[in-house]
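Reader: I have a structure open here and would like to go through some of its local features with you. Shall we begin?
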Amino acid sequence: MENNFDVVIIGAGVSGCALFWTLSEYTDIKSVAMVDKCPNIAMVSSNVRANSQTIHDGSIETNYTAQKAKKVKLAAQKVTNYALKHKLQNQVIFKTQKMAIGVGDAECEFMQKRHQEFLSVFPDLEWFDKQTIKEIEPSVILGSDGKSDRPENVVGSGYREAWCAMDFEGLSKDFAARAQEKNPNNKVFLNFWVKEIKRNDDGYYLISKSGEVITAKFVLVNAGSYSLVLAQSMGYGTDLGCLPIAGSFYFVPDLLKGKVYMVQNPKLPFAAVHGDPDISASGRTRIGPTAIAMPKLERSKHWYSGISFELGKVDFHREVFGVLLDLLKDSDIRSYVFKNVIFELPYFGKRLFLKDAQKLIPSLKLNDIEYAEGYGEVRPQVVDRTQKQLELGEKKIITNKGVTFNMTPSPGATSCLQNAFVDAQEIAAYLQATFDKERFLRDLSPEELES
């Protein structure tokens, strides 16, 4: 059969593309296909407008423990090493300053303790006092009057220069191009929206909404918010639900020289507001993200359009609503949720968001900020219906039957090659193929190979 492959990857975002390249470069699998419902690669979460364009290595993410940061650092190094090895500097990967700051005595004390703890993971992490931050990021210290310094104490921890900004859309396309160049049997099928995955004698066949058919011995689903929908259509992951959280951004003038992150409220399962110079919109800094739950699997032009009825099948359960109600019982979370709903409203949203943004850049005025139309995307937060709680981070459903489902919210893009490393081992073992694990690590993570 013409469209018969050893492996089919569903989803041509950065995670799917990373696996596509990994299988092509480091295994003896004869044919791999990647399918996506969109007309091009990386058009949803991996699109350059859809994320903060950050390699999250754990050094400035204050919601990470040192243990998690150690793990994420190794994943991030793989992505960085890939980009540098293939000479993608200033095309896909960019060098800038990055820091996490504490504002006020309580946050400054937290940052001091965190910095000392994280030196064991990042021995070259630098400590910045208020005067040093003023030299590196003057807009963070400039007060609301635009003349004198802000009154609060501000400290920071980070790097004066690091390869930390990335165009994950460009990275995805580079992965895909190299995979096809490596093996002419590999193919990418765009505008292929998978309607059904069915079992056959040799593996599975995928049927698109337009009636096209592709067969595979192994199927790996890297379809973001759609992964759980596909899993449950096959009877897997029925104990899970999905809370889609949409993030938006605001533009401000070019006031930050690098990435500035803030201390996260430990009660909130979402990232604190941060500032990132936008690598796709010269002369502008993005502030965000906001976070709002919505019944959609991806963003669309209007809030009310694109509502997903597939999501209803996944989430129409008492336990999912129970998790939401439990979250809303906490006054901090309730206040955060309602505030973020207002952030999305014309006129009122901009005015309310300004107060949050001024903690980062005190001199901001209302006419300095502009809603970033068309920026941001939906991230799937998995709900464990059995435990009745949110499962933060990545989730994998392994069936041991030749089909695996990945759900990869942040830092899924940063961890794309680490996830590909794990998936490639599973796929090679299932197909009795060879995966050159040693060469993969030698190329992308020599530190792990040595240890």
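Reader: Where does Asn-90 lie?
Author: This is a predicted model. In it, Asn-90 lies in the loop between helix 2 and strand 3 (93-103).

Reader: Is Asn-90 buried or exposed?
Author: Asn-90 counts as exposed, because its relative accessibility is 57%, where exposed means over 50%.

Reader: And what is its phi, that of Asn-90?
Author: Phi of Asn-90 is near 60 degrees, a positive value in a residue other than glycine. Most residues other than glycine have a negative phi.

Reader: Which residue with a positive phi follows helix 2?
Author: That is Lys-87, with a phi near 55 degrees. Gln-53, in the loop between strand 2 (32-35) and helix 2, also has a positive phi, about 60 degrees, although it is not a glycine.

Reader: Gln-53: buried or exposed?
Author: Gln-53 counts as buried, because its relative accessibility is 1%.

Reader: Turning to helix 2 itself, how far apart are its end C-alpha atoms?
Author: They are 28 Å apart.

Reader: Which residues of helix 2 are buried?
Author: Among them are Ala-66, Ala-69, Val-72, Lys-73, Ala-76, Val-79, Thr-80 and Ala-83. Lys-78 and Tyr-82 in helix 2 are buried as well.

Reader: A new topic: at what angle do helix 12 and helix 13 pack?
Author: Helix 12 (residues 416-431) and helix 13 (residues 437-444) pack at about 170 degrees, and their axes are 11 Å apart. That angle makes helix 12 roughly antiparallel to helix 13.

Reader: Which residues meet there, between helix 12 and helix 13?
Author: From helix 12, Leu-417, Phe-421 and Gln-425 meet Lys-437, Phe-440, Leu-441 and Leu-444 of helix 13. The residues of this contact divide into five nonpolar, one polar and one charged.

Reader: Which peptide bond is cis?
Author: The bond from Gly-288 to Pro-289 is cis, with omega near 0 degrees. Pro-289 is in the loop between strand 14 (284-288) and strand 15 (292-293).

Reader: Lastly, where is Thr-399 found?
Author: Thr-399 is in the loop between strand 19 (395-398) and strand 20 (403-407). At 11% relative accessibility, Thr-399 counts as buried.

Reader: What lies 3.1 Å from a polar atom of its side chain, that of Thr-399?
Author: The backbone nitrogen of Lys-401 does. The backbone oxygen of Val-403 lies 2.6 Å from a polar atom of the Thr-399 side chain. Leaving aside neighbours within four places in sequence, Thr-399 is in contact with Tyr-236 and Phe-405.

Notes:
Residues numbered from 1 in each chain as written. Predicted model: local features only at pLDDT ≥ 70, side-chain atom pairs only at ≥ 80, totals over all residues. Heavy atoms only, no water. Helix = DSSP H or I, 4+ residues; strand = E, 2+ residues; numbered from the N terminus. Expected span 1.5 Å × (residues − 1). Buried < 20%, exposed > 50% of the residue type's maximum accessible area, 1.4 Å probe, protein only. Axes fitted to C-alpha atoms, helices over the stretch in contact; angles between N-to-C directions. Parallel < 35°, antiparallel > 145°, perpendicular 65-115°, else oblique. Contact = heavy atoms within 4.5 Å. Nonpolar A, V, L, I, M, F, W, Y, C, P; charged D, E, K, R; others polar. Polar contact = N/O pair within 3.5 Å; in protein donor to acceptor, adjacent residues only side chain to side chain.
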